[in-house]
Amino acid sequence: MEAFFKAAAIGMICCIFSLVLQRSSREQAMLLNTLSVTMLLASFLQFSKPVMDTMHQLESQIGLESSLISPVYKCLGIGIVSQTASGICKDAGSSAVSESIRMLGTAAGLYCTSPLFLAVLSLVKDLMGG
Amino acid sequence: MNVDLIFKIAAVGIIVSILGQVLSRSGRDEMATVVTLAGLVVVLMIVVQQISELFNLVKSLFRF
């Protein structure tokens with residue numbers, strides 16, 4: 001739990017410094033914001049690690065194929081990264097870049113999950129006896 | 001999580017902005033620009049390193 005309070009403190013300290021720096025140099029403030037977002041996201045991922053380990057254990061106990069569940073994890077990772085990058089760009093005032101990153105994230109998600117759709121389709125075909 | 005990094009970057013930012021103000025007030029605008037750019041590069045290097053570590057973490061956690 002100490003890590004959570006540390007992360008909250010980092011967020012607040014960063015906001016204060018960012019306000020101070022925004023008056024004189026906006027780019028330094030933006031970099032400070034980016035650093036704090038990176039650190040907070042890394043902290044979030046550290047918290048998620050035990051959850052992911054539990055998911056992997058469940059997956060092996062059920063006997064689920066890795067090729068079926070792997071696109072879901074990839075999609076989750078792409079979503080987290082694209083959302084964060086898009087938010088940083090929006091904060092910096094580049095809405096067009098932000099929207100492009102969002103679209104790229106959507107396309108990458110579709111690219112990762114397309115084998116899953118094909119697998120489902122072949123499964124349905126097998127069930128139908130085709 | 002390294003809180004020191006936040007303080008380090010904030011300190012660099014404050015020092016660079018003070019130096020930039022002093023230099024531009026004394027009529028050395030080109031030097032002020034150089035100092036601002038140098039500060040930006042230093043901070044950018046630290047931030048890029050952290051972003052790279054984050055991406056590696058994402059890759060390992062979500063099995064890329």
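Two residues are in contact if their C-beta atoms, placed from the backbone, lie within 7 Å. The tour below applies that criterion to a predicted model.

**First stop: where the chains meet.** Select chain A and chain B together. Across the interface, 33 residues of chain A are in contact with 26 residues of chain B. On the chain B side, the elements that give two or more residues are helix 1 (3-25) and helix 2 (29-61). Colour helix 2 of chain B next, as the largest share of this side, 13 residues, comes from that helix. By class, the side of chain B that touches chain A comprises 18 nonpolar, six polar and two charged residues.

**Second stop: a pair of helices.** Select helix 1 of chain A, residues 2-24, along with helix 1 of chain B. The two pack at an angle of about 10°, and their axes are 10 Å apart. Since angles under 35 degrees count as roughly parallel, helix 1 of chain A and helix 1 of chain B are therefore roughly parallel to each other. To view the contact, display the side chains of Ile10(A), Ile13(A), Cys14(A), Phe17(A), Leu21(A) and Ser24(A) from helix 1 of chain A, and of Val3(B), Ile6(B), Ala10(B), Gly13(B), Ser17(B) and Gln21(B) from helix 1 of chain B. Eight residues of this contact are nonpolar, four are polar and none is charged.

Where do they touch? Five residues of domain 1 of chain A are in contact with four residues of domain 2 of chain A. The domain 1 side of this contact has three nonpolar, two polar and no charged residues.

Note on methods:
Residues numbered from 1 in each chain as written. Chains lettered and ligands numbered in written order. Predicted model: local features only at pLDDT ≥ 70, side-chain atom pairs only at ≥ 80, totals over all residues. Helix = DSSP H or I, 4+ residues; strand = E, 2+ residues; numbered from the N terminus. Nonpolar A, V, L, I, M, F, W, Y, C, P; charged D, E, K, R; others polar. Axes fitted to C-alpha atoms, helices over the stretch in contact; angles between N-to-C directions. Parallel < 35°, antiparallel > 145°, perpendicular 65-115°, else oblique.
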